[in-house]
Amino acid sequence: MVLRVLVTTIALGVITYRNIVRLALPRSLERLETHALLNAARLESALNNARVDLMSLRTTGAVAEFGTAYTKSAVDPSMKDIAATWRRRIATRLVAELSANPQYAQMWVVGRENGGRELVRVDRSGLQGTIRVVPEVELAPKGDRAYFSEAIGLSAREMYVSPVEPQQ
């Protein structure tokens, strides 16, 4: 009698397991695939929005004016007053961009000189994640980074978007 109960229980367990695998697993995989596609679409949308923001930032306002003046040698980086004025104007624009885009952690403008040193950086590392303009003494060279060497060789109309990496 115990053997019959044991065999029946095992048979029912196997049948139940097969039905669950046959029905539930494909549904779970479909939900997982749908979720992955939705996340991919969100990520692509965020990336497209970032490209638009960067294009706008690059072609308008203080960053564009500074870039034009810099390439025409109208700005001498050794002249502290003029460089500080440009830095304040660019920082104001970057603070506005970070305020409008809470998904951005930091934005910076990098020059070609001094090993690709940052000219301006704005980030969310202030008290309780507030936006701050990074002091000039904390600005770092970025010339050794792959994204710098990839981007520096592009024409003014091209844009390089680096892969997403952990912050160093």
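Buried residues make up 19% of the 168 residues in the protein; buried means under 20% relative accessible area, exposed over 50%, and partly exposed in between, with a 1.4 Å probe and protein chains only. The model is predicted, so local features need pLDDT of at least 70, side-chain atom pairs count only at pLDDT 80 or more, and totals for chains, interfaces and linings use all residues. Residues are numbered from 1 along each chain as its sequence is written, and side-chain values use heavy atoms, with hydrogens and water left out.

The mean pLDDT (the predictor's confidence in each residue, from 0 to 100) is 83. A value of 70 or more is reached by 88% of the residues. The protein exposes about 12,400 Å², an area from the Shrake-Rupley method with a 1.4 Å probe. Carbon and sulfur atoms supply 61% of this area.

The secondary structure comprises five helices and three strands. These are DSSP runs numbered from the N terminus: helices are H or I with at least four residues, strands E with at least two. From the N terminus on, the order is α-α-α-β-α-β-β-α. Among the elements, helix α2 (residues 61-71) has the lowest mean pLDDT, 70. Strand β3 (residues 132-133) has the highest, 94. Contact means heavy atoms within 4.5 Å. Among contacts between residues at least 6 apart in sequence, 49% join residues at least 24 apart.

Aromatic rings were examined next. Rings of Phe, Tyr and Trp (its six-membered ring) pair if their centres lie within 6.5 Å; planes under 30 degrees apart count as stacked, over 60 as edge-to-face and the rest as tilted. The count comes to one aromatic pair. W108 and Y147 form this tilted pair, with 6.2 Å centre to centre and 55° between the planes. W108 is in strand β1 (residues 106-110) and Y147 in helix α5 (residues 146-152), 39 residues apart. W108 is partly exposed, because its relative accessibility is 29%. The charged end of K142 sits over the ring of W108, 4.9 Å from its centre. This term requires NZ of Lys or CZ of Arg within 6 Å of the ring centre and within 35 degrees of the ring normal.

R121 lies in strand β2 (residues 118-123). R121 counts as buried because its relative accessible area is 11%. Residues touched by R121, not counting those up to four places away in sequence, include W108, R132 and E138. The side chain of R121 also makes a polar contact with the side chain of E118, at 2.9 Å. A polar contact is a pair of N or O atoms within 3.5 Å; within protein, one must be able to donate a hydrogen and the other to accept it, and residues adjacent in sequence count only if both atoms are side-chain atoms. The backbone oxygen of E138 lies 2.9 Å from a polar atom of the R121 side chain.
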